[in-house]
Amino acid sequence: MTTPMTSYAPARDAEGRPTPIAGRKPMIQCRGVQKYYGDYHALRGIDLTIHEAEFFSLLGPSGCGKTTLLRTIAGFEDISSGVVLIDGKDMAGVPANARPTNMVFQSYAIFPHLTVADNVAFGLRRDPRSRAEKAAAVDEALGMVGLKGYGARAAHALSGGQRQRVALARALILKPKVLLLDEPLSALDRKMREQMQVELIKLQRQVGITFVLVTHDQEEALVMSDRIAVMFEGNIAQLATAEELYTRPASRRVADFIGVMNFMPARILGETATGVTVEAPGFGQVEIPAANVSHADPGDPAPSIGFRPEAVTLLAATAPATDRVTEGIIDEVVYYGDMSYYDVILDSPDTFGGQPHEIRISMRNVFGRELPDLGTRVRVGWSPGSLILFR
Amino acid sequence: MASASGSESAQGLRIVAPPFIYALLMLAVPLLTIVAFSFFKDGYQTIIREFTFENYRAVWADPIFRTLMLRSLLVAGMVTVVTVALAFPVAYFLSFVVRPDHKSLWLFLITIPFWTSYLIRVFLWKVILGHNGVINSGLKSLGLIDQPLTFLLYNTGSIITTLAHAYAPFAILPIYVALEKIDRSLLEAGRDLGESRLMTFWRVTLPLAMPGVLAAVLIVFIPTIGDYVTPTIIGGGKIPMVANLIQAQMLDIDNKPLGSAIAVTAMLIVTVLALVFLFLNRRFLRMR
Amino acid sequence: MRGGGLRAYAIAYLLFLYAPILLLPVFAFNSGTIIAFPLKGFTTEWFAQMWGNATLRRAMLNSLTIAVSSAVFATCLGLFAARASTRFAFPGKGPIMGLIMLPLVLPEIIVSISLLVVLLGIGIPLSVFTVILGHTLICMPYAVAILTTAFSSLDRSLEEAAQDLGETKLSAFRLVILPLVMPGIISAMLMSFTISLDEFIIAFFLAGNEPTLPTYIFSQLRFPKSIPMIMALGTVLVAMSILLLTVAEYFRRRGVARTGQKDSGGFI
């Protein structure tokens, strides 16, 4: 009998309930990891800890070093300085084939000269189990990724989604401590991608090992990950949960990269222990709580306030006027079915250069409520708690 | 810790070493020897290792060298023009007309003759064009002529025919590859912007195919200059080219320094011509 | 059918390419002793004559020895060069690969004469062995070209995947890379074999007193009496070449199909 795949699920306690991620033991630790390609500084001192059975994502634009970091964990790249520990062991000098990690490649790297079953069994060559036991393990792995009965097929005849599943089965059959996924969904069409996102999360919870995903798709990272490291130019700009990244971005750049955010120029009027008082066009004077103060771009250090499109709402004409309401004119309506975007030009005083300031508002659509026409004068409501100051 | 790029280049050099050392010993060393010889003096049956330009002076002053070099260039030039001009429509046909699943069959058919004994193919042209050859005997048995046509063999025309036949696939393949690379929507864009089919060919297809045409020209021109077999067999020894001269000087006359100087001079002339040719057509090579 | 004019031209062109070769069997089976029309009658005498010719058999044996050895050496060296050039960046890559590929554009007369001068200079006697040295040199670039295509169509992550799944660099090469480039290796060997078998100039200068098929043919072309037998020999050689090329093409296509690529066609 082979050991069932689900038996190595350290993310559950004795009663089978999930354990909090922060309390689990560290699986991957990077300390001051630097990587040079000639003069090019690809990783500029990475420090991070990824826990056991965590779904972790490395997110960033192309060229930010996320794939390089993944490949240094896998053992395909030497590091120029620093330490990588996996399950507490220093990985210096340990080649890829001796590390307790397995990888799903961006191109899937399915061996075209082998059948599906031989691909899945590739890593079992040195396994002392009998031929029959190995075959049973292959069947089980294929079943786990929904490819039961595909074993005899030629690998090059598979579709993109099927290749992806074979790549997963091939890696998971070796029961690695860490599964590394290099942009695994980028080659799939939208529908398939969304389906695989859900399947990957379920699979990760089922096998209970650490998944490290590299992606440039912020939506994918938000949906799938327990925690996300956002990387720019070889540095980690922010390491946080999806919710924290979205609601409290550490810098204007992170805020700009994740989702849609409105930015308005701001003028700082005063600062107290509880927050910072600023003035912004259309918003008048407002106190931003200290927890919502973040960093401006080094390249453009002028202070600004930012807020998500869903943090402001279009108010019904009957709503009472308060000091948290501003007015403007609808410039564009973008209809998405379940929701709509409204671009609104705010009435703003001349103190900010007099040019019009446009913001984007998102709202759920409600049956029976008509979308406002272009040029309609509307009122916009907001709350100070949803504003972020970048300075 | 050794940097990855350093160990990668060391690994690459280690792997490329066997073929590189082989090419060094079997090609670079012999070529350098020839260059060295060309600056030595010829003592009868031996070589006097004394630096001199005398061989080159002799080469340039030699009317035979000038005649044969000019003839080689002329023949190679004619062969190139004929071969490339005849090959272009075939390459165009292959790329634009033949169905994709039939393409490799056509390519196969075109390359087969190239891989069958060069010597025998050249000799067969002598059989076709000869005094008692296929054309003459055929025409005679049909009663069209009484006397064999003597202008068929032993002239530059027959050498050009033979070489153009031998180098045909060399011209077709690079042009075909260049045509295959052309994005078909460019041609539709040309038509869409108001050009006729012919003008689209002239203003879009041909310029984009030029890198292939240039490659074809060089691939045909360079080896035909140094061809030895065709002038020997088809020319019947009466129309030698520069390769025959090199062979005669090096072996029959055994003046290795002079022979080397001829070989080096011929290589230099060809190299310079090829570079000038590429320079004149540089605008076509910058495109991609 | 599209391109009617072009198609007619292309077919005429193919006829021009094949015309001389088509004459070979015609005169190989013609009982007349001179190569001319009208044809006399059918005979297999020239094939029998060819079979009974001791010098020809020796030439055939020499040619096969040379062709097999050159094919093996050129393909082995080509494997190294193709692997290095597709997988690694190293200093001087351009010039190094340029030198290896140089015989493609160098007239064979230059290659053979310069090699001859050096061999004679260091006192190596001319023999079948010296021809193998020369043929390996000129077959190498063809092998490199074919193998480079085979290597470069491989996804680099295949090799990394094998290492990731527990194989060493060497066993990853053996288990993954080698099976995938095997059709290319066979193609390169057959191609080198064919080139070597047909090569005349280098054999002419470097073989000393040993005959090879092309040098033997060349020596017989002067004697009108021998021509019908040469026609028979040519027929056999052409048939062999076509057979080998078909096998080579078969393996090339199988390689293409196996890695699931689009067939772009062609050898070069």
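Where in chain B is the place of Asn255(B)? The legends below take up that residue in the first view and then turn to other parts of this predicted model.

**View 1. Asn255(B) in its loop of chain B.** The residue sits in the loop between helix 12 (242-252) and helix 13 (256-280) of chain B. With a relative accessibility of 15%, Asn255(B) counts as buried, because the limit for that class is under 20% relative accessible area. Leaving aside residues up to four places away in sequence, Asn255(B) touches Asp42(B) and Gln249(B).

**View 2. Chain B as a whole, with its 14 helices and two strands.** The C-alpha trace of chain B spans about 85 × 70 × 35 Å along its principal axes, and its radius of gyration is 24 Å, whereas a compact globule of 288 residues would have one near 19 Å. Of the 288 residues in this chain, 54% count as buried. Among the contacts in chain B that join residues at least 6 apart in sequence, 69% link residues at least 24 apart. The accessible surface of chain B amounts to about 13,300 Å², and 67% of that area belongs to carbon and sulfur atoms. Chain B carries 22 positive and 15 negative side chains, with the centres of the two sets lying 3 Å apart.

**View 3. Chain A as a whole, with its eight helices and 22 strands.** Along its principal axes, the C-alpha trace of chain A spans about 80 × 50 × 45 Å, and buried residues make up 48% of the 391 residues in the chain. Of the contacts in chain A with a separation of 6 or more, 68% are between residues 24 or more positions apart. Chain A exposes about 17,700 Å², of which carbon and sulfur atoms supply 52%. The charged side chains of chain A number 41 positive and 45 negative, and the centres of these two sets lie 9 Å apart.

**View 4. Helix 7 of chain C and the elements that cover it.** Eight of the nine residues of helix 7 (residues 156-164) of chain C are buried, so the helix is largely enclosed by the rest of the structure. The buried residues are Ser157(C), Leu158(C), Glu159(C), Glu160(C), Ala161(C), Ala162(C), Gln163(C) and Asp164(C). Their cover comes from two chains, and includes helix 1 (66-74), strand 6 (101-104) and helix 4 (160-172) of chain A as well as helix 3 (54-87) and helix 8 (169-198) of chain C. Just after helix 7 of chain C, Gly166(C) takes a positive phi of about 110°.

**View 5. The salt bridge between Arg83(C) and Glu159(C).** The side chains of these two residues meet at 2.8 Å, N to O. Arg83(C) belongs to helix 3 of chain C and Glu159(C) to helix 7 of chain C, so the pair ties together parts that are 76 residues apart in sequence. Arg83(C) counts as buried at 13% relative accessibility, and Glu159(C) is likewise buried, with a relative accessible area of 5%. Beyond this pair, salt bridges that share partners join Lys35(A), Arg71(A), Glu77(A) and Glu160(C) into one network.

View 6. Glu167(C) is buried, with a relative accessible area of 1%, whereas Arg125(A), at 38% relative accessibility, counts as partly exposed.

**View 7. The salt bridge between Arg253(A) and Glu233(A).** The side chains of Arg253(A) and Glu233(A) meet at 3.0 Å, N to O. Because Arg253(A) lies in helix 8 (residues 252-257) of chain A and Glu233(A) in the loop between strand 9 (227-232) and strand 10 (235-240) of that chain, the pair ties together parts that are 20 residues apart in sequence. Arg253(A) is partly exposed, with a relative accessible area of 31%, and Glu233(A) is also partly exposed, with a relative accessible area of 44%. Over all chains, the count of salt bridges comes to 27.

Note on methods:
Residues numbered from 1 in each chain as written. Chains lettered and ligands numbered in written order. Heavy atoms only, no water. Helix = DSSP H or I, 4+ residues; strand = E, 2+ residues; numbered from the N terminus. Rg over C-alpha atoms; globule rule 2.2 N^0.38 Å. Buried < 20%, exposed > 50% of the residue type's maximum accessible area, 1.4 Å probe, protein only. Contact = heavy atoms within 4.5 Å. Areas by Shrake-Rupley, 256 points an atom, 1.4 Å probe, with all protein chains shown as cover. Lys, Arg positive; Asp, Glu negative; His and termini not counted. Charge placed at Lys NZ, Arg CZ, Asp CG, Glu CD. Salt bridge = Lys/Arg side-chain N within 4 Å of Asp/Glu carboxyl O.
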